[in-house]
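Hi everyone, thanks for coming. I'd like to walk you through one structure today, so please have a look at the screen.

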Amino acid sequence: MIAEYLWPILMLCSLVALLFSGFAVAFVLAGVGILFAVIADVPMVFLSMGVQRIYSGTLTNWLLAAIPLFVFMGLMLESSGIAERLMRSLAALAGGLPGGYAVAVVVIGVVMAASTGIIGASVVLMGMMSLPAMKAAGYDMRLATGVVAASGTLGILIPPSIMLIILGDQLRVPIGDLFMGAIYPGLILAGLYFAYILLVAIFSPHRMPAPERRDGVPLGKAFFALIKDLLAPMVLILAVLGTIITGVATPTESAAIGAVGATLLAMFTGGLSFNTLKRAVFETTKTTAMIAFVMIGATVFSLVFRRLGGDAMVADLFSFGDVSPYVTLGAIMFLIFILGFFLDWVEISLVVIPIVAPIVGGLDFGLPSSDVILWFAIALAVNLQTSFLTPPFGYALFYLRGVDRSIPISTIYKGVMPFVLIQISALILILAMPQLVLSLPLSLR
């Protein structure tokens, strides 16, 4: 097998080696593809197909225009101060309860996930707001950092999610179906976080002491303050997701509604200024350019990899004979989980997923092929969410380390391990019960 698939194996080895060298991922992907096209004597006219795919699949893809709009929406919501006000309201409401701050962080994580979907912004913002309070309250910092990092990554799963847009584009799955399919898994994951916090509060209350209630804030007043602070983001979330799910607007059009709504919200709350707008535009451009360049590089790499027999190699790799399709699916999920230790979700989504998706689509789970791919896509999103938490290259870990450099990185690593296990448990649950993903999309068809 090694001799038969020598070129694709060498391509993968070269890709891994160059990624660890520190070169930009987009240029590594494109460079390795072009280099092996030359070495393996692939006709140069074949590479012209890559130009066509880049132009039609990336540069003129109307669906992908939703990415910068959702990024801009998240950045403007961040500047509106909604998260800070929610944290204050929740802290006042949860006063006197062990784990009150931890519960508040998970709730904020869900709200920010449903309104922004930007992992870096969520983790940094929640870390800046909650870690000093948790530290002052005497929290175990392993637990505190784990809760913040895990809650901040919910945005990659709970819609509107940039990852789901890219997966939908790669797997040819309607974005509305993906958004609906991700709702139950996202809420289940948040519920498991709550359950873990509750168990720790019951059996190890010393790890999350009860915060002191702020003087002069009655429980009723704190509750109504929370409802008031939740109203604006919930209206925006329903406007964006509702128009997509009901088919009133395309995902790109709904993203535009969200971007305008977030800008108006920031203006009404006093968070809009020239510097805020400048920062939002700059960060949106930077994030979009990064994704676009990786997509271009991945297109070149995948084109040459498939030309040299990479598809056949992967198909043979996951050919286990007469075994349950769950064995094959489990092997693919395990491979993606391991890749998440070293690669970003963007590279995995653009390079690996298009290769393994046909294998999954051909497995017999007793479901239509389109439903299998939808189920697979959401399971992938849960799986890839762990890549933000798994050392050595989990992005959420480094975002959190940048918030408070007094916390050792080993403490953060230990803190996220229970949440990685929770995410794996959620993934197994979703794989065992496809209806958790399929029930909402099927009910609205």
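This is a predicted model: local features need pLDDT of at least 70, side-chain atom pairs count only at pLDDT 80 or more; totals for chains, interfaces and linings use all residues.

Okay, here we go: Arg172 sits in the loop between helix 9 and helix 10. Arg172 counts as exposed, because its relative accessible area is 67% and the cut-off for exposed is over 50%.

Asp41 also belongs in this part of the talk. You'll find Asp41 in the loop between helix 2, residues 25-39, and helix 3. Asp41 is not a glycine either, yet its phi is positive, at about 60 degrees. With a relative accessibility of 67%, Asp41 is exposed.

Now let's step back to the whole protein. How many helices and strands does the protein have? There are 20 helices and zero strands. The C-alpha trace spans about 75 × 45 × 45 Å along its principal axes. Of the 445 residues, 55% are buried. If you take contacts between residues at least 6 apart in sequence, 80% of them join residues at least 24 apart.

The protein exposes about 18700 Å², and carbon and sulfur atoms supply 71% of that. There are 20 positive and 20 negative side chains, with the centres of the two sets 12 Å apart.

Next, please move to the loop between helix 8 (141-152) and helix 9 (162-171), where Ile156 lies. Is Ile156 buried or exposed? Ile156 is buried, because its relative accessible area is 3%, and buried means under 20%. Leaving aside residues up to four places away in sequence, Ile156 touches Ile119, Ser161, Met163, Trp345, Gln385 and Phe388. Take Ile119 from that list: it is 37 residues from Ile156 along the chain, with 6.9 Å between the two C-alpha atoms. Pro160 is in the loop between helix 8 and helix 9 as well. Pro159 and Pro160 are joined by a cis peptide bond, with omega at about 0 degrees.

Let's go on to another loop, the one between helix 3 (44-59) and helix 4 (66-79), which holds Asn61. Asn61 is buried, with a relative accessible area of 17%. Which side chain makes a polar contact of 2.7 Å with the side chain of Asn61? That partner is Asp169. The Asn61 side chain also reaches the backbone nitrogen of Leu63, at 3.0 Å. Not counting residues up to four places away in sequence, Asn61 touches Ser56 and Asp169.

Val327 is in helix 15, residues 325-339, and counts as partly exposed at 43% relative accessibility. The C-alpha atoms of Val327 and Ile67 are 34 Å apart, and 260 residues separate the two along the chain.

Let me finish with helix 20, residues 435-443, where Leu436, Val437, Leu438 and Pro441 are buried. What do the buried residues of helix 20 pack against? They pack against helix 10 (175-203), helix 17 (369-385) and helix 19 (409-432).

How values were computed: Residues are numbered from 1 along each chain as its sequence is written. Side-chain values use heavy atoms; hydrogens and water are left out. Helices (H or I, at least four residues) and strands (E, at least two) are DSSP runs, numbered from the N terminus. Buried means under 20% relative accessible area, exposed over 50%, partly exposed in between (1.4 Å probe, protein chains only). Contact means heavy atoms within 4.5 Å. Accessible areas come from the Shrake-Rupley method with a 1.4 Å probe; for residues, only the protein chains shown count as cover. Lys and Arg count as positive and Asp and Glu as negative; His and the chain ends are not counted. The place of a charge is taken as NZ of Lys, CZ of Arg, CG of Asp or CD of Glu. A polar contact is a pair of N or O atoms within 3.5 Å; within protein, one must be able to donate a hydrogen and the other to accept it, and residues adjacent in sequence count only if both atoms are side-chain atoms.
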